[in-house]
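Hello,

Here is the structure you asked for. Please have a look, then read my notes below.

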Amino acid sequence: MTTTVPNVIFKTRVRDESIGGDNPFRWQDVSTDDIFKGKKIVVLALPGAYTPTCSSTHLPGFEAKYAEIIAQGVDEVYCLSVNDAFTMFQWGKHLGIKNVKMLPDGNGDFTRGMGMLVKKENVGFGYRSWRYAMLVDDGAIVKLFSEPGIADNYPEDPFTVSSAETMLAYLQQ
């Protein structure tokens with residue numbers, strides 16, 4: 001496991017009213033430095049948008065605890081998944097996410113660099129992120145809560161240590 005976050009470019013979509021029409025969004029490259037440099041960031045990473053645990057508990061938990069996490073000196077909370085920008089946007093909208101920022105890792109570059117890219121072919125997902133949460137300070141990984149058993153085609157979807165509650169308890173120490 002790396003001690004700093006990988007240096008990658010995220011392919012994101014941002015609202016741009018100058019475009020007009022029904023879909024006023026444009027592509028914007030966002031670098032690792034844009035997100036992490038000089039900031040304290042919490043990242044929750046999960047296997048996939050619209051999937052059961054990710055949608056019912058993991059992401060909603062961080063949204064519910066967002067203000068408490070920010071109150072601990074964190075600058076921002078990001079939800080990362082090996083999904084494209086369109087899927088991440090619609091999933092966030094579907095769940096009513098207002099605070100946690102959705103971060104698409106469509107090619108899995110960040111996840112691969114983290115050593116967290118796993119095959120999930122057993123459920124038809126291809127390559128996805130292992131479930132984890134981490135605290136990053138100015139690009140340095142301070143604390144990583146990775147679910148146990150990381151492996152390709154793992155038969156379970158563990159959710160025991162990467163919750164918002166675990167992160168908040170760590171931040172409050």
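Among contacts between residues at least 6 apart in sequence, 61% join residues at least 24 apart. Contact here means heavy atoms within 4.5 Å.

A word on the source. This is a predicted model: local features need pLDDT of at least 70, side-chain atom pairs count only at pLDDT 80 or more, and totals for chains, interfaces and linings use all residues. Residues are numbered from 1 along each chain as its sequence is written, and side-chain values use heavy atoms, with hydrogens and water left out.

Overall fold. The protein has six helices and nine strands. These are DSSP runs (helices H or I, at least four residues; strands E, at least two), numbered from the N terminus. The C-alpha trace spans about 45 × 40 × 30 Å along its principal axes.

Burial. Of the 173 residues, 45% are buried. Buried means under 20% relative accessible area, with a 1.4 Å probe and protein chains only.

P47 sits in the loop between β3 (40-46) and α2 (52-64). Its relative accessibility is 5%, so P47 counts as buried. Which residues does P47 contact, leaving aside its neighbours within four places in sequence? They are C54, S81, K120, R128, S129, R131 and D157. P47 and V118 are 71 residues apart in sequence, yet their C-alpha atoms are 9.2 Å apart in space.

Best wishes

Definitions and conventions: Buried < 20%, exposed > 50% of the residue type's maximum accessible area, 1.4 Å probe, protein only.
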